[in-house]
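Welcome! Please take a moment to look over the model below, and then we will walk through it together.

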Amino acid sequence: MRRAVIVDFGGVLVRSEDPRPRRDLARDLGLSVEALEDLIFASDLSLRAQRGEIPEPAFWRAVGERLGLFDPEAVHRLRARFFAGDRLNEALVAALRGWKGRVALGLISNAWSGLREVLRRLGLLDLFDVVVISAEVGLLKPDPRIYRLALERLQVPPPMAAFVDDLPENVEAARALGLYGIRFQETEAALRQLQGWLDGEISG
């Protein structure tokens with residue numbers, strides 16, 4: 001039976017490698033970096049958007065209003081500066097491309113409604129056999145239902161799937177369902193774990 005590798009998006013496939021843009025933005029807004037990140041990623045607004053209750057453009061407008069930014073161009077600059085230090089994990093993408101066709105590839109992300117277009121713009125949408133985005137399905141990790149949904153769409157049972165995420169609670173939830181969970185902290189280490197798990201299943 002074919003195996004599957006399932007990865008997270010933010011913090012795994014795309015990572016914040018340069019802290020300066022976000023730090024400078026927080027300073028200009030009179031906030032700590034932690035407060036700014038909480039607003040963008042963990043606020044009530046963000047969770048509603050991640051559940052698909054509000055579309056991403058409305059989320060960013062509401063964030064702008066909370067920060068006293070009412071001009072659409074100012075909100076656009078806010079978003080651009082917030083993500084300016086993010087970089088695509090090229091080594092992980094290269095590994096996934098090498099495995100494509102020999103293992104099923106999936107993505108599970110707690111994300112706003114615009115992620116599918118971001119993946120398309122990055123040239124990554126066609127890399128995955130299955131993409132499960134919380135805003136599209138109304139489920140958030142670590143809810144076990146989002147993992148089950150991905151496995152169902154991949155047509156792979158839990159013991160035949162590996163899952164990579166940077167948040168320990170998401171990894172633990174996957175492990176509780178029987179997936180091989182990998183806590184992402186560093187790319188080379190995660191790839192060694194994945195390759196070790198796949199040994200004997202991939203040749204060449």
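**A walk through the model**

Let us begin with two helices: H4 (residues 56–66) and H5 (residues 72–82) pack at an angle of about 100 degrees, and their axes are 10 Å apart. Axes here are lines fitted to C-alpha atoms, for helices over the stretch in contact, and angles run from 0 to 180 degrees between N-to-C directions. Helices (H or I, at least four residues) and strands (E, at least two) are DSSP runs, numbered from the N terminus. H4 and H5 are therefore roughly perpendicular to each other, a label for angles of 65 to 115 degrees, whereas under 35 counts as roughly parallel, over 145 as roughly antiparallel and the rest as oblique. On the H4 side, Glu 56, Trp 60, Arg 61, Val 63 and Gly 64 make the contact, and on the H5 side Val 75, Leu 78 and Arg 79 do; contact means heavy atoms within 4.5 Å. These residues divide into 4 nonpolar, 1 polar and 3 charged. Ala, Val, Leu, Ile, Met, Phe, Trp, Tyr, Cys and Pro count as nonpolar, Asp, Glu, Lys and Arg as charged, and the others, Gly among them, as polar.

A word on the ground rules: this is a predicted model, in which local features need pLDDT of at least 70 and side-chain atom pairs count only at pLDDT 80 or more, while totals for chains, interfaces and linings use all residues. Residues are numbered from 1 along each chain as its sequence is written, and side-chain values use heavy atoms, with hydrogens and water left out.

Which residues of H4 are buried? They are Glu 56, Ala 58, Phe 59, Trp 60, Ala 62, Val 63 and Gly 64, where buried means under 20% relative accessible area, exposed over 50%, and partly exposed in between (1.4 Å probe, protein chains only). Their cover includes helix H2 (33–42), helix H3 (44–50), H5 and H7. Just after H4, Gly 68 adopts a positive phi of about 80 degrees.

Another helix pair is H1 (residues 20–29) with H2, whose axes come within 9 Å and cross at roughly 95 degrees. H1 and H2 are therefore roughly perpendicular to each other. Here Arg 22, Arg 23, Leu 25, Ala 26 and Leu 29 of H1 meet Val 33, Leu 36, Glu 37 and Phe 41 of H2. This contact of H1 with H2 has 6 nonpolar, no polar and 3 charged residues.

Now for the sheet. Its 5 strands form an open sheet in the order E5-E4-E1-E6-E7, with parallel pairing; two strands pair if DSSP finds at least two bridges between them. E5 and strand E7 (180–183) are the edge strands, each pairing on one side only. From one strand to the next, the twist averages 15 degrees. E4 and E5 are joined by 4 bridges, and Ser 109 stands opposite Ile 133 in E5. Helix H10 (residues 168–176) lies across E6 and E7, running at about 170 degrees to E7.

In a regular strand the side chains alternate between the two faces of the sheet. E5 shows Val 130 and Val 132 pointing one way and Val 131 and Ile 133 the other, and all are buried.

Finally, visit two loops. The peptide bond from Lys 141 to Pro 142 is cis, with omega near 10 degrees, and Pro 142 sits in the loop between helix H8 (134–137) and helix H9 (144–154). Gln 155, in the loop between H9 and E6, has a positive phi of about 60 degrees although it is not a glycine. At 71% relative accessibility, Gln 155 counts as exposed.
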